[in-house]
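Try each task before you read its solution.

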Amino acid sequence: MTAPALFALHPTANGRQIGVITLHAEKSLNALSLAMIRAVTPTLLEWRDNPDIVCVLLQGAGEKAFCAGGDVVAMHDAIRNGDFATTDAFFTEEYALDYAIHTYPKPILAWGHGIVMGGGLGLLVGASHRVVTERSRIAMPEVTIGLYPDVGGSWFLNRLPGRLGIYLGLTGASFNAADALFTGMADFALPSALRDELCQELAAIAWTGQGEQDKRLLSSQLRELSRLTQLELPPSPIRAHYDAIQSLTDYDSVDEMVAAITRYEGADEWLRAGAKKLAAGSPTSMRLIVAAQQRARHLSLQQVFDMELNLSRQCCRHPDFAEGVRALLVEKDNTPRWSPASLAEVDEALIAGFFMPPQ
């Protein structure tokens, strides 16, 4: 058994330490497992209370992914076995970790290189310093597996310009580093080749041990690095399609929005991919995604995580989640049998039930 996460301490030039957390499941693209969460959370909290540690670097093992989301195949197996205690524990502890990152008093630099999806985006967005690279590929594709953008997604997608959060949630559209910077889901873009020098760069900072002051020092260092390296990124499709996205989502009902997005038959590949993904998604997820963002609009971050915990626990008890994972990731026949099968059959009472704790 390999360790689900690796931990290291690196000395700084002025006698302090930088804590490095490496998500260590390269074969599964560093997907978050319960074992990984249970390794990372106590270490992160211990480092929070250790005055010698001034900064945390959070990264994924290997070159392919920061974190491709939660280990939904393990959750599929638990659901099939009726083991809801495990799925409940996973979501409870994952959201506690996310919240700890969002509210961490010291700087956390998340190196969002490669694939960053679902739960991986939850980790990245919560960090005080979110770094992407020319090879970052980001998405919240939960609609395709009968889930919804969780891990605080109901909170941070709501804070994107216009109706981008609704569009990205419904379509699970893939986006890049330039998109992450444009939407505010990342702060800096650095070349992926800089990763090996990162600890050296961090060690040279004149850390003070004062959280807010150290966050400003880290920002200054990353800003200088980004100016020196002048990384050229592929253009941002979200920026390019902003007006089209606003038009496609400018409806009062989920039904009209879904119809408009899936009807798109223009020449643009990015919009076509979003339309295709939405058309193949769970009808229940479609209503749930919009309802969650609407309800979360005026909630605090903690209230959003509380709401999402009910939603996610209920999703485990609804047939679509296990069925979506089966079709896309287990048996890979890509023909999920959604229940209900159409958007028209998903009524308000069904969706309202997701917001209540399971009995």
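**Exercise 1: a ring pair**

At 34% relative accessibility, F7 counts as partly exposed, since buried means under 20% relative accessible area, exposed over 50% and partly exposed in between (1.4 Å probe, protein chains only). This is a predicted model, where local features need pLDDT of at least 70, side-chain atom pairs count only at pLDDT 80 or more, and totals for chains, interfaces and linings use all residues. Residues are numbered from 1 along each chain as its sequence is written, and side-chain values use heavy atoms, leaving out hydrogens and water.

Task: Is W47 buried or exposed?

Solution: W47 has 5% relative accessibility, so W47 counts as buried.

Task: What aromatic pair do F7 and W47 form?

Solution: 
- Step 1. Rings of Phe, Tyr and Trp (its six-membered ring) pair if their centres lie within 6.5 Å.
- Step 2. Planes under 30 degrees apart count as stacked, over 60 as edge-to-face and the rest as tilted.
- Step 3. The centres of F7 and W47 are 6.2 Å apart, with 90° between the planes: the pair is edge-to-face.

**Exercise 2: two helices**

Task: How do the axes of α3 and α4 run relative to each other?

Solution: 
- Step 1. Helices are DSSP runs (H or I, at least four residues), numbered from the N terminus.
- Step 2. The axes of α3 (residues 84–102) and α4 (residues 119–126) come within 8 Å and cross at roughly 25°.
- Step 3. Axes are lines fitted to C-alpha atoms over the stretch in contact, and angles run from 0 to 180 degrees between N-to-C directions.
- Step 4. Angles under 35 degrees count as roughly parallel, so α3 and α4 are roughly parallel.

Conventions: Parallel < 35°, antiparallel > 145°, perpendicular 65-115°, else oblique.
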